[in-house]
Amino acid sequence: MNKTGHRASSYGLDNHGLSNVKNAYWNLSAPQLYAESLGRGEGSLAQGGALVTVTGAHTGRSPHDRFVVEEASTKDDIWWGNVNVPITEENFVRLLDKMLGHLQGRDVFVQDCYAGANETYRLPIRIVTEEAWHNLFARNMFIQPEDKELPGFKPAWTVLQAPSLEADPARDGTTSGTFIVVNIAKQLVLVGGSGYAGEIKKSIFSVMNYLLPPRDVLPMHCSANIGPEGNSAIFFGLSGTGKTTLSADSARTLIGDDEHGWGPDGVFNFEGGCYAKTINLTREAEPEIFETTGTFGSIIENVVMDPDSRELDFFDTTLTENGRVSYPIEMIPNASESGQGGHPANIMMLTCDAFGVLPPISQLTPDQAMYHFLSGYTAKVAGTERGLKEPQATFSTCFGAPFMPRHPTVYAKLLGEKMAKHGAKCWLVNTGWSGGGYGVGDRMKIAYTRAMVNAALDGQLAKGSFTADPNFGVLVPDACPDVPDDVLNPRNTWKDKDAYDAQAKALRKLFEENFKQFEDAVDDKVKAAAIKAAA
(Lines give C-alpha, C1' and ligand atoms only; values in the text may rest on other atoms or scores of the structure.)
Protein backbone atom coordinates (compact mmCIF):
# COMPACT_ATOMS: atom_id res chain seq x y z
CA MET A 1 0.00 0.00 0.00
CA ASN A 2 1.38 3.40 -0.99
CA LYS A 3 0.70 6.24 1.41
CA THR A 4 0.50 9.56 -0.36
CA GLY A 5 0.52 12.74 1.71
CA HIS A 6 2.70 13.74 4.61
CA ARG A 7 -0.16 13.76 7.09
CA ALA A 8 -0.99 10.07 7.38
CA SER A 9 -2.06 8.61 10.70
CA SER A 10 -0.18 5.79 12.38
CA TYR A 11 -3.61 4.22 12.96
CA GLY A 12 -3.67 2.65 9.52
CA LEU A 13 -6.37 1.42 7.18
CA ASP A 14 -5.68 -2.16 8.18
CA ASN A 15 -7.56 -1.37 11.39
CA HIS A 16 -10.69 -1.08 9.25
CA GLY A 17 -9.97 -4.28 7.32
CA LEU A 18 -8.72 -2.37 4.28
CA SER A 19 -5.73 -3.91 2.53
CA ASN A 20 -4.06 -3.95 -0.87
CA VAL A 21 -5.42 -0.59 -1.97
CA LYS A 22 -3.47 0.96 -4.83
CA ASN A 23 -2.74 4.37 -3.28
CA ALA A 24 -4.04 5.84 -0.04
CA TYR A 25 -4.19 9.65 -0.21
CA TRP A 26 -4.15 10.88 3.38
CA ASN A 27 -5.57 14.21 4.54
CA LEU A 28 -4.91 16.06 1.32
CA SER A 29 -5.46 19.81 1.27
CA ALA A 30 -8.25 21.44 -0.73
CA PRO A 31 -5.90 22.39 -3.63
CA GLN A 32 -4.53 18.84 -3.73
CA LEU A 33 -8.04 17.35 -3.77
CA TYR A 34 -9.04 19.80 -6.51
CA ALA A 35 -6.11 18.63 -8.61
CA GLU A 36 -6.92 14.96 -8.04
CA SER A 37 -10.61 15.47 -8.81
CA LEU A 38 -10.03 17.44 -11.99
CA GLY A 39 -7.29 15.06 -13.13
CA ARG A 40 -9.63 12.08 -12.71
CA GLY A 41 -12.50 13.76 -14.55
CA GLU A 42 -14.72 13.83 -11.47
CA GLY A 43 -15.65 17.49 -11.84
CA SER A 44 -14.96 20.74 -13.65
CA LEU A 45 -14.23 24.34 -12.73
CA ALA A 46 -16.88 27.05 -12.66
CA GLN A 47 -16.26 30.72 -13.19
CA GLY A 48 -14.75 31.96 -9.94
CA GLY A 49 -13.11 28.68 -9.01
CA ALA A 50 -15.77 26.41 -7.49
CA LEU A 51 -15.61 22.68 -8.27
CA VAL A 52 -18.74 21.54 -10.14
CA THR A 53 -19.86 17.91 -9.76
CA VAL A 54 -22.80 15.77 -10.84
CA THR A 55 -23.92 12.87 -8.65
CA GLY A 56 -25.76 10.80 -11.26
CA ALA A 57 -29.06 9.06 -10.50
CA HIS A 58 -29.03 10.10 -6.85
CA THR A 59 -29.46 13.87 -6.43
CA GLY A 60 -30.72 13.60 -2.86
CA ARG A 61 -30.71 11.23 0.08
CA SER A 62 -32.11 7.72 -0.28
CA PRO A 63 -34.13 7.26 2.93
CA HIS A 64 -35.53 3.89 1.82
CA ASP A 65 -31.99 2.54 1.46
CA ARG A 66 -30.83 3.43 4.97
CA PHE A 67 -30.46 0.67 7.57
CA VAL A 68 -29.36 0.21 11.17
CA VAL A 69 -27.75 -3.07 12.15
CA GLU A 70 -29.92 -4.90 14.66
CA GLU A 71 -27.69 -6.37 17.35
CA ALA A 72 -28.03 -7.12 21.05
CA SER A 73 -26.06 -4.26 22.63
CA THR A 74 -28.12 -1.44 21.04
CA LYS A 75 -31.36 -3.12 19.96
CA ASP A 76 -33.44 -1.71 22.82
CA ASP A 77 -32.23 1.87 22.25
CA ILE A 78 -33.40 2.19 18.64
CA TRP A 79 -36.74 3.56 17.45
CA TRP A 80 -37.39 0.83 14.89
CA GLY A 81 -39.79 1.48 12.02
CA ASN A 82 -39.85 3.28 8.69
CA VAL A 83 -36.94 5.53 9.68
CA ASN A 84 -34.63 3.06 11.39
CA VAL A 85 -35.02 -0.10 9.33
CA PRO A 86 -33.21 -3.13 10.75
CA ILE A 87 -30.67 -5.16 8.84
CA THR A 88 -29.08 -8.33 10.17
CA GLU A 89 -25.49 -8.64 11.33
CA GLU A 90 -24.98 -11.31 8.67
CA ASN A 91 -26.05 -8.96 5.89
CA PHE A 92 -23.83 -6.23 7.28
CA VAL A 93 -20.81 -8.55 7.24
CA ARG A 94 -21.62 -9.49 3.65
CA LEU A 95 -21.81 -5.82 2.61
CA LEU A 96 -18.63 -4.98 4.50
CA ASP A 97 -16.77 -7.81 2.76
CA LYS A 98 -18.02 -6.48 -0.58
CA MET A 99 -16.84 -2.99 0.31
CA LEU A 100 -13.38 -4.15 1.40
CA GLY A 101 -13.02 -6.29 -1.70
CA HIS A 102 -14.23 -3.49 -3.96
CA LEU A 103 -11.63 -1.05 -2.63
CA GLN A 104 -8.72 -3.45 -3.12
CA GLY A 105 -6.52 -2.38 -6.00
CA ARG A 106 -8.15 1.06 -6.10
CA ASP A 107 -7.04 4.49 -4.98
CA VAL A 108 -8.74 5.69 -1.81
CA PHE A 109 -8.86 9.09 -0.16
CA VAL A 110 -8.73 9.39 3.61
CA GLN A 111 -9.81 12.42 5.64
CA ASP A 112 -9.45 12.49 9.44
CA CYS A 113 -11.79 15.02 11.05
CA TYR A 114 -13.93 15.86 14.06
CA ALA A 115 -17.69 16.18 14.45
CA GLY A 116 -18.49 18.66 17.22
CA ALA A 117 -16.95 22.05 17.97
CA ASN A 118 -17.15 21.50 21.74
CA GLU A 119 -14.07 19.45 22.64
CA THR A 120 -15.89 17.69 25.48
CA TYR A 121 -18.36 16.11 23.08
CA ARG A 122 -16.57 16.04 19.75
CA LEU A 123 -16.23 12.78 17.86
CA PRO A 124 -13.04 11.82 15.97
CA ILE A 125 -14.10 10.38 12.60
CA ARG A 126 -12.43 9.00 9.49
CA ILE A 127 -13.99 9.31 6.02
CA VAL A 128 -12.61 6.93 3.36
CA THR A 129 -13.85 7.57 -0.19
CA GLU A 130 -13.08 6.25 -3.66
CA GLU A 131 -13.35 9.69 -5.28
CA ALA A 132 -11.35 12.80 -4.45
CA TRP A 133 -14.27 15.23 -4.48
CA HIS A 134 -16.18 13.32 -1.80
CA ASN A 135 -13.07 13.62 0.37
CA LEU A 136 -13.04 17.36 -0.28
CA PHE A 137 -16.70 17.40 0.78
CA ALA A 138 -15.74 15.72 4.06
CA ARG A 139 -12.94 18.24 4.52
CA ASN A 140 -15.40 21.10 3.94
CA MET A 141 -18.16 19.77 6.15
CA PHE A 142 -16.32 18.49 9.22
CA ILE A 143 -13.84 20.12 11.59
CA GLN A 144 -10.16 19.86 10.74
CA PRO A 145 -7.62 18.68 13.34
CA GLU A 146 -4.39 20.59 13.70
CA ASP A 147 -1.50 19.13 11.70
CA LYS A 148 0.25 18.03 14.89
CA GLU A 149 -2.76 15.82 15.79
CA LEU A 150 -2.78 13.86 12.54
CA PRO A 151 0.15 11.41 13.08
CA GLY A 152 -1.56 9.90 16.12
CA PHE A 153 -5.18 10.43 15.03
CA LYS A 154 -7.41 7.52 16.00
CA PRO A 155 -11.02 7.66 14.80
CA ALA A 156 -13.90 6.57 17.00
CA TRP A 157 -16.15 6.18 13.95
CA THR A 158 -15.39 5.45 10.30
CA VAL A 159 -17.34 5.93 7.06
CA LEU A 160 -16.43 3.77 4.06
CA GLN A 161 -17.99 5.23 0.90
CA ALA A 162 -17.97 3.78 -2.64
CA PRO A 163 -20.60 5.11 -5.10
CA SER A 164 -19.60 2.57 -7.78
CA LEU A 165 -20.32 -0.41 -5.50
CA GLU A 166 -23.88 -1.73 -5.56
CA ALA A 167 -25.58 -4.27 -3.33
CA ASP A 168 -27.49 -7.33 -4.46
CA PRO A 169 -30.91 -6.88 -2.81
CA ALA A 170 -31.77 -10.58 -3.05
CA ARG A 171 -28.62 -11.62 -1.20
CA ASP A 172 -27.77 -8.59 0.93
CA GLY A 173 -31.15 -7.73 2.44
CA THR A 174 -31.31 -4.25 0.89
CA THR A 175 -34.16 -2.64 -1.04
CA SER A 176 -32.01 -1.68 -4.04
CA GLY A 177 -28.39 -1.49 -5.11
CA THR A 178 -27.94 1.54 -2.87
CA PHE A 179 -27.14 1.09 0.81
CA ILE A 180 -26.40 3.32 3.78
CA VAL A 181 -25.79 1.07 6.79
CA VAL A 182 -25.02 2.23 10.33
CA ASN A 183 -23.46 -0.31 12.69
CA ILE A 184 -23.37 1.24 16.16
CA ALA A 185 -21.59 -1.68 17.80
CA LYS A 186 -18.82 -1.65 15.18
CA GLN A 187 -18.74 2.18 14.99
CA LEU A 188 -18.81 1.91 11.23
CA VAL A 189 -20.96 3.32 8.38
CA LEU A 190 -21.08 1.88 4.86
CA VAL A 191 -22.29 3.99 1.94
CA GLY A 192 -22.59 2.37 -1.48
CA GLY A 193 -24.44 2.89 -4.74
CA SER A 194 -24.95 6.64 -4.32
CA GLY A 195 -22.70 9.56 -5.16
CA TYR A 196 -24.86 12.08 -3.28
CA ALA A 197 -22.42 13.62 -0.82
CA GLY A 198 -25.07 14.44 1.77
CA GLU A 199 -25.23 10.75 2.75
CA ILE A 200 -21.79 11.14 4.37
CA LYS A 201 -22.66 14.07 6.59
CA LYS A 202 -26.13 12.82 7.53
CA SER A 203 -24.73 9.42 8.53
CA ILE A 204 -22.44 11.09 11.06
CA PHE A 205 -25.33 13.30 12.20
CA SER A 206 -27.32 10.12 12.93
CA VAL A 207 -24.39 8.82 14.96
CA MET A 208 -24.24 12.02 17.03
CA ASN A 209 -28.00 11.79 17.55
CA TYR A 210 -27.48 8.36 19.08
CA LEU A 211 -24.41 9.12 21.20
CA LEU A 212 -25.23 12.48 22.80
CA PRO A 213 -28.62 12.29 24.61
CA PRO A 214 -27.26 10.08 27.43
CA ARG A 215 -24.64 12.82 27.98
CA ASP A 216 -27.29 15.55 28.51
CA VAL A 217 -26.77 16.99 25.02
CA LEU A 218 -29.77 17.57 22.74
CA PRO A 219 -28.71 16.94 19.11
CA MET A 220 -30.68 19.24 16.80
CA HIS A 221 -31.42 19.53 13.07
CA CYS A 222 -31.20 23.30 13.15
CA SER A 223 -29.18 26.37 12.25
CA ALA A 224 -27.90 28.70 14.96
CA ASN A 225 -26.54 32.22 15.32
CA ILE A 226 -25.62 34.86 17.90
CA GLY A 227 -26.93 38.43 18.18
CA PRO A 228 -24.91 41.60 18.90
CA GLU A 229 -25.76 41.29 22.61
CA GLY A 230 -24.47 37.72 22.71
CA ASN A 231 -27.90 36.05 22.72
CA SER A 232 -28.01 32.78 20.79
CA ALA A 233 -30.92 31.61 18.66
CA ILE A 234 -31.65 28.26 17.03
CA PHE A 235 -33.76 27.61 13.92
CA PHE A 236 -35.33 24.15 13.61
CA GLY A 237 -36.67 23.19 10.20
CA LEU A 238 -36.85 20.60 7.48
CA SER A 239 -35.27 21.09 4.06
CA GLY A 240 -36.66 24.11 2.25
CA THR A 241 -38.10 25.90 5.27
CA GLY A 242 -35.35 28.53 5.55
CA LYS A 243 -32.85 27.26 8.14
CA THR A 244 -29.81 28.34 6.16
CA THR A 245 -31.36 31.52 4.72
CA LEU A 246 -32.62 32.94 8.01
CA SER A 247 -29.52 32.10 10.01
CA ALA A 248 -27.19 33.72 7.45
CA ASP A 249 -27.82 37.26 8.72
CA SER A 250 -25.04 39.83 8.38
CA ALA A 251 -26.14 41.43 11.67
CA ARG A 252 -25.64 38.20 13.62
CA THR A 253 -22.73 35.75 14.04
CA LEU A 254 -23.34 32.39 12.38
CA ILE A 255 -22.65 29.32 14.53
CA GLY A 256 -23.75 26.86 11.84
CA ASP A 257 -26.48 26.12 9.31
CA ASP A 258 -27.70 22.57 9.92
CA GLU A 259 -26.54 20.40 12.85
CA HIS A 260 -25.95 21.40 16.47
CA GLY A 261 -25.89 20.17 20.02
CA TRP A 262 -27.37 21.94 23.06
CA GLY A 263 -25.40 20.84 26.07
CA PRO A 264 -24.55 22.03 29.58
CA ASP A 265 -22.28 24.77 28.15
CA GLY A 266 -24.67 26.04 25.46
CA VAL A 267 -24.99 25.46 21.72
CA PHE A 268 -22.23 24.06 19.50
CA ASN A 269 -21.92 23.22 15.82
CA PHE A 270 -21.35 19.61 14.79
CA GLU A 271 -19.82 20.72 11.50
CA GLY A 272 -17.08 22.88 10.05
CA GLY A 273 -18.95 23.80 6.88
CA CYS A 274 -22.32 24.46 5.27
CA TYR A 275 -24.35 22.60 2.66
CA ALA A 276 -26.82 25.12 1.27
CA LYS A 277 -29.54 24.65 -1.35
CA THR A 278 -28.95 26.70 -4.49
CA ILE A 279 -32.39 26.62 -6.13
CA ASN A 280 -33.26 30.19 -7.25
CA LEU A 281 -30.23 31.53 -5.37
CA THR A 282 -29.57 35.25 -5.96
CA ARG A 283 -27.01 37.73 -4.72
CA GLU A 284 -29.80 40.09 -3.62
CA ALA A 285 -31.74 37.65 -1.42
CA GLU A 286 -28.86 35.62 0.03
CA PRO A 287 -25.59 37.50 -0.53
CA GLU A 288 -23.39 35.52 1.87
CA ILE A 289 -24.34 32.15 0.38
CA PHE A 290 -24.26 33.43 -3.20
CA GLU A 291 -20.71 34.64 -2.71
CA THR A 292 -19.51 31.14 -1.82
CA THR A 293 -20.65 29.74 -5.17
CA GLY A 294 -17.90 31.68 -6.94
CA THR A 295 -15.10 30.85 -4.53
CA PHE A 296 -12.25 28.35 -4.74
CA GLY A 297 -12.83 25.56 -2.24
CA SER A 298 -16.59 25.32 -2.71
CA ILE A 299 -18.24 22.28 -4.27
CA ILE A 300 -21.25 22.90 -6.51
CA GLU A 301 -23.41 19.80 -6.69
CA ASN A 302 -25.96 19.11 -9.46
CA VAL A 303 -26.24 22.64 -10.84
CA VAL A 304 -26.35 23.31 -14.59
CA MET A 305 -23.27 25.18 -15.90
CA ASP A 306 -22.74 26.87 -19.25
CA PRO A 307 -19.87 24.91 -20.88
CA ASP A 308 -18.35 28.01 -22.47
CA SER A 309 -18.74 30.82 -19.95
CA ARG A 310 -18.66 28.41 -16.96
CA GLU A 311 -21.48 30.42 -15.38
CA LEU A 312 -23.89 28.58 -13.07
CA ASP A 313 -27.66 28.69 -13.57
CA PHE A 314 -29.40 28.36 -10.22
CA PHE A 315 -32.84 28.62 -11.84
CA ASP A 316 -32.37 25.62 -14.15
CA THR A 317 -33.86 22.50 -12.53
CA THR A 318 -32.92 20.10 -15.36
CA LEU A 319 -30.67 18.07 -13.03
CA THR A 320 -32.67 18.54 -9.83
CA GLU A 321 -34.34 21.11 -7.59
CA ASN A 322 -31.90 19.96 -4.90
CA GLY A 323 -28.75 21.65 -6.21
CA ARG A 324 -26.26 22.30 -3.41
CA VAL A 325 -23.12 24.23 -2.52
CA SER A 326 -20.71 22.86 0.10
CA TYR A 327 -18.20 25.28 1.62
CA PRO A 328 -16.09 25.73 4.75
CA ILE A 329 -17.97 27.90 7.24
CA GLU A 330 -15.14 30.44 7.37
CA MET A 331 -16.27 31.58 3.89
CA ILE A 332 -19.17 33.30 5.67
CA PRO A 333 -17.72 36.65 6.84
CA ASN A 334 -19.57 36.68 10.15
CA ALA A 335 -19.09 33.02 11.08
CA SER A 336 -18.11 32.11 14.63
CA GLU A 337 -14.50 31.01 14.98
CA SER A 338 -15.28 28.70 17.89
CA GLY A 339 -18.49 27.21 16.48
CA GLN A 340 -20.10 27.70 19.88
CA GLY A 341 -22.61 30.00 21.57
CA GLY A 342 -24.44 30.39 24.85
CA HIS A 343 -27.81 28.90 25.78
CA PRO A 344 -30.43 30.08 23.27
CA ALA A 345 -32.76 32.86 24.32
CA ASN A 346 -35.06 32.15 21.37
CA ILE A 347 -36.03 29.02 19.46
CA MET A 348 -37.52 29.30 15.98
CA MET A 349 -39.48 26.34 14.62
CA LEU A 350 -39.74 26.85 10.86
CA THR A 351 -42.52 25.35 8.77
CA CYS A 352 -43.40 25.83 5.12
CA ASP A 353 -47.19 25.61 5.19
CA ALA A 354 -48.25 25.16 1.56
CA PHE A 355 -51.91 25.31 2.65
CA GLY A 356 -51.49 28.95 3.73
CA VAL A 357 -53.38 28.75 7.02
CA LEU A 358 -50.74 28.87 9.78
CA PRO A 359 -49.82 32.35 11.10
CA PRO A 360 -46.51 33.70 9.75
CA ILE A 361 -45.20 33.95 13.32
CA SER A 362 -46.64 32.96 16.68
CA GLN A 363 -45.39 32.38 20.21
CA LEU A 364 -45.60 28.90 21.73
CA THR A 365 -45.92 27.87 25.35
CA PRO A 366 -43.33 25.31 26.51
CA ASP A 367 -45.91 22.54 26.15
CA GLN A 368 -46.87 23.72 22.66
CA ALA A 369 -43.17 23.80 21.81
CA MET A 370 -42.77 20.14 22.75
CA TYR A 371 -45.93 19.31 20.78
CA HIS A 372 -44.73 21.06 17.61
CA PHE A 373 -41.24 19.59 18.06
CA LEU A 374 -42.71 16.08 18.11
CA SER A 375 -45.00 16.92 15.17
CA GLY A 376 -42.33 18.50 12.93
CA TYR A 377 -44.84 19.78 10.38
CA THR A 378 -44.12 21.16 6.92
CA ALA A 379 -45.58 20.56 3.46
CA LYS A 380 -44.25 19.36 0.13
CA VAL A 381 -45.55 21.24 -2.91
CA ALA A 382 -46.51 20.08 -6.39
CA GLY A 383 -43.57 19.39 -8.67
CA THR A 384 -41.00 18.58 -5.99
CA GLU A 385 -41.64 14.85 -6.28
CA ARG A 386 -42.71 12.71 -9.18
CA GLY A 387 -46.50 12.38 -9.30
CA LEU A 388 -47.18 15.02 -6.64
CA LYS A 389 -50.09 17.10 -7.98
CA GLU A 390 -51.14 19.05 -4.88
CA PRO A 391 -49.62 20.08 -1.54
CA GLN A 392 -48.91 17.20 0.80
CA ALA A 393 -48.55 17.58 4.55
CA THR A 394 -45.34 16.10 5.94
CA PHE A 395 -44.68 15.39 9.59
CA SER A 396 -41.03 14.69 10.42
CA THR A 397 -40.67 14.40 14.18
CA CYS A 398 -38.02 16.57 15.83
CA PHE A 399 -37.75 18.35 12.46
CA GLY A 400 -35.36 15.59 11.43
CA ALA A 401 -36.91 12.12 11.75
CA PRO A 402 -34.61 10.50 9.13
CA PHE A 403 -31.62 11.11 11.42
CA MET A 404 -33.05 10.21 14.83
CA PRO A 405 -32.10 6.69 16.00
CA ARG A 406 -33.77 7.01 19.41
CA HIS A 407 -37.47 7.45 20.19
CA PRO A 408 -38.60 11.05 19.49
CA THR A 409 -39.71 11.57 23.10
CA VAL A 410 -36.07 11.21 24.20
CA TYR A 411 -35.24 14.38 22.25
CA ALA A 412 -38.48 16.18 23.14
CA LYS A 413 -37.93 15.59 26.86
CA LEU A 414 -34.42 17.07 26.60
CA LEU A 415 -35.80 20.10 24.73
CA GLY A 416 -38.45 20.71 27.39
CA GLU A 417 -35.93 20.42 30.22
CA LYS A 418 -33.48 22.82 28.59
CA MET A 419 -36.15 25.36 27.68
CA ALA A 420 -37.38 25.37 31.28
CA LYS A 421 -33.90 25.61 32.77
CA HIS A 422 -32.71 28.46 30.54
CA GLY A 423 -35.99 30.33 29.98
CA ALA A 424 -35.92 30.14 26.18
CA LYS A 425 -38.88 31.54 24.25
CA CYS A 426 -40.20 29.49 21.33
CA TRP A 427 -41.74 30.78 18.10
CA LEU A 428 -43.50 28.97 15.24
CA VAL A 429 -42.59 30.64 11.93
CA ASN A 430 -44.47 29.86 8.72
CA THR A 431 -42.26 30.57 5.71
CA GLY A 432 -44.88 29.08 3.37
CA TRP A 433 -47.93 30.56 1.70
CA SER A 434 -50.21 33.50 2.48
CA GLY A 435 -53.47 34.71 0.89
CA GLY A 436 -54.31 31.17 -0.20
CA GLY A 437 -52.61 27.84 -0.54
CA TYR A 438 -50.04 26.79 -3.13
CA GLY A 439 -51.25 27.79 -6.61
CA VAL A 440 -53.59 30.49 -5.26
CA GLY A 441 -51.70 32.58 -2.72
CA ASP A 442 -48.09 33.74 -2.67
CA ARG A 443 -45.02 32.59 -0.77
CA MET A 444 -44.38 34.73 2.29
CA LYS A 445 -41.94 37.51 1.42
CA ILE A 446 -38.47 36.88 2.85
CA ALA A 447 -38.33 40.53 3.91
CA TYR A 448 -41.45 40.08 6.05
CA THR A 449 -40.17 36.83 7.57
CA ARG A 450 -36.82 38.45 8.41
CA ALA A 451 -38.61 41.43 10.01
CA MET A 452 -40.75 39.11 12.17
CA VAL A 453 -37.80 36.93 13.17
CA ASN A 454 -35.67 39.98 14.02
CA ALA A 455 -38.48 41.47 16.12
CA ALA A 456 -38.72 38.20 18.05
CA LEU A 457 -34.96 37.94 18.52
CA ASP A 458 -34.49 41.51 19.79
CA GLY A 459 -37.42 41.22 22.21
CA GLN A 460 -39.83 43.63 20.52
CA LEU A 461 -42.53 41.04 19.81
CA ALA A 462 -42.59 39.71 23.34
CA LYS A 463 -43.35 43.21 24.66
CA GLY A 464 -46.48 43.60 22.51
CA SER A 465 -49.98 42.15 22.69
CA PHE A 466 -51.06 38.79 21.31
CA THR A 467 -54.28 37.12 20.19
CA ALA A 468 -54.82 33.37 20.35
CA ASP A 469 -55.36 31.81 16.93
CA PRO A 470 -58.83 30.19 17.00
CA ASN A 471 -57.74 27.16 14.96
CA PHE A 472 -54.27 26.33 16.24
CA GLY A 473 -54.20 27.89 19.72
CA VAL A 474 -50.87 29.68 19.19
CA LEU A 475 -50.37 33.31 20.26
CA VAL A 476 -50.24 35.67 17.26
CA PRO A 477 -48.70 39.15 17.72
CA ASP A 478 -51.11 41.99 16.96
CA ALA A 479 -48.35 44.11 15.39
CA CYS A 480 -44.79 43.80 14.14
CA PRO A 481 -42.42 46.52 12.85
CA ASP A 482 -42.14 46.60 9.03
CA VAL A 483 -44.92 44.04 8.55
CA PRO A 484 -48.52 45.01 7.57
CA ASP A 485 -50.96 44.06 10.34
CA ASP A 486 -53.20 42.05 8.01
CA VAL A 487 -50.27 39.76 7.10
CA LEU A 488 -50.00 38.58 10.71
CA ASN A 489 -53.48 37.03 10.67
CA PRO A 490 -53.58 34.50 7.82
CA ARG A 491 -57.39 34.52 7.51
CA ASN A 492 -57.29 38.24 6.72
CA THR A 493 -55.09 37.59 3.68
CA TRP A 494 -57.57 35.19 2.04
CA LYS A 495 -60.26 36.61 -0.26
CA ASP A 496 -62.38 33.50 0.25
CA LYS A 497 -62.80 33.23 4.03
CA ASP A 498 -64.89 30.03 3.78
CA ALA A 499 -62.06 28.39 1.84
CA TYR A 500 -59.61 29.42 4.58
CA ASP A 501 -61.86 27.93 7.29
CA ALA A 502 -62.19 24.67 5.38
CA GLN A 503 -58.44 24.39 4.81
CA ALA A 504 -57.63 25.19 8.45
CA LYS A 505 -60.10 22.52 9.55
CA ALA A 506 -58.46 19.97 7.24
CA LEU A 507 -54.97 20.76 8.55
CA ARG A 508 -56.14 20.48 12.17
CA LYS A 509 -57.36 16.97 11.44
CA LEU A 510 -54.00 16.03 9.92
CA PHE A 511 -52.20 17.29 13.04
CA GLU A 512 -54.52 15.24 15.28
CA GLU A 513 -54.09 12.06 13.24
CA ASN A 514 -50.29 12.37 13.21
CA PHE A 515 -50.00 12.94 16.96
CA LYS A 516 -51.83 9.75 17.93
CA GLN A 517 -48.50 7.88 17.71
CA PHE A 518 -47.08 9.98 20.57
CA GLU A 519 -50.09 10.36 22.89
CA ASP A 520 -49.19 7.46 25.16
CA ALA A 521 -45.62 8.71 25.57
CA VAL A 522 -46.21 12.34 26.62
CA ASP A 523 -47.61 13.92 29.77
CA ASP A 524 -51.05 15.48 30.16
CA LYS A 525 -49.77 19.05 29.65
CA VAL A 526 -48.40 18.25 26.21
CA LYS A 527 -51.59 16.36 25.34
CA ALA A 528 -53.60 19.44 26.33
CA ALA A 529 -51.45 21.60 24.04
CA ALA A 530 -52.12 19.36 21.03
CA ILE A 531 -54.09 20.64 18.05
CA LYS A 532 -57.49 18.94 17.88
CA ALA A 533 -59.70 18.39 14.86
CA ALA A 534 -62.69 20.73 14.66
CA ALA A 535 -65.91 19.35 16.15
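Okay, one term before we start: a residue is buried when its relative accessible area is under 20%, exposed when it is over 50%, and partly exposed in between. Keep that handy, and keep in mind that what you're looking at is a predicted model.

Take N280, in the loop between β17 (273-277) and α7 (287-292). Its relative accessibility is 42%, so N280 counts as partly exposed. What is the phi of N280, which is not a glycine? It's positive, about 60°. For background, most residues other than glycine have a negative phi. There's another case like that: R310, also not a glycine, has a positive phi near 65°. You'll find R310 in the loop between β19 (304-305) and β20 (312-313), and at 32% relative accessibility R310 counts as partly exposed.

Let's go to β15, residues 259-263. How many of the five residues of β15 are buried? Five of the five, so the strand is largely enclosed by the rest of the structure. As a reminder, in a regular strand the side chains alternate between the two faces of the sheet. In β15 both faces are covered: E259, G261 and G263 are buried on one side, and H260 and W262 are buried on the other.

Who are the strand's partners? One of them is β12, residues 218-226, which pairs with β15 in the antiparallel sense over four bridges. If you want a spot to look at there, L218 stands opposite W262 of β15. Another is β16, residues 266-269, which runs antiparallel to β15 and is joined to it by four bridges. There, G263 has G266 as its bridge partner. And β15 and β16 make a hairpin, with two residues between them.

Side chains of opposite charge can pair when their charged atoms come close. D258 does this with K201, in a salt bridge whose closest N and O atoms are 2.6 Å apart. This one links distant parts of the chain: D258 is in the loop between β14 (253-256) and β15, K201 is in helix α5 (residues 198-211), and the two are 57 residues apart. Are these two buried or exposed? D258 is buried, with a relative accessible area of 8%, and K201 is buried as well, at 3%. They also belong to a network of salt bridges that links K201, K202, K243, D258, E259 and E271.

K413 counts as exposed, at 52% relative accessibility, while E417 counts as partly exposed, at 39%.

Then there's D501 with R491, where the closest N and O atoms are 2.9 Å apart. D501 sits in helix α14 (residues 497-515) and R491 in helix α13 (residues 490-493), so this pair ties together parts that are 10 residues apart in sequence. D501 counts as partly exposed at 31%, and so does R491 at 32%.

Stay on α14 for a moment. Helix α8 (residues 366-375) packs against α14 at an angle of about 80°, with the axes 10 Å apart. That makes α8 roughly perpendicular to α14. Which residues meet there? From α8 it's Y371, H372, L374 and S375, and from α14 it's F511, N514 and F515. The contact divides into four nonpolar residues, three polar and no charged.

Last stop: R252, in the loop between α6 (243-247) and β14. R252 counts as buried, at 7% relative accessibility. Setting aside neighbours within four places in sequence, its contacts are N225, I226, G227, N231, S232, A233, N334 and L457. One of those, N231, is 21 residues away along the chain, and the C-alpha atoms of R252 and N231 are separated by 9.6 Å.

That's my tour, thanks!

Conventions
Residues are numbered from 1 along each chain as its sequence is written. This is a predicted model: local features need pLDDT of at least 70, side-chain atom pairs count only at pLDDT 80 or more; totals for chains, interfaces and linings use all residues. Side-chain values use heavy atoms; hydrogens and water are left out. Buried means under 20% relative accessible area, exposed over 50%, partly exposed in between (1.4 Å probe, protein chains only). Two strands pair if DSSP finds at least two bridges between them. A salt bridge is a side-chain nitrogen of Lys or Arg within 4 Å of a carboxyl oxygen of Asp or Glu. Axes are lines fitted to C-alpha atoms, for helices over the stretch in contact, and angles run from 0 to 180 degrees between N-to-C directions. Angles under 35 degrees count as roughly parallel, over 145 as roughly antiparallel, 65 to 115 as roughly perpendicular and the rest as oblique. Contact means heavy atoms within 4.5 Å. Ala, Val, Leu, Ile, Met, Phe, Trp, Tyr, Cys and Pro count as nonpolar, Asp, Glu, Lys and Arg as charged, and the others, Gly among them, as polar.
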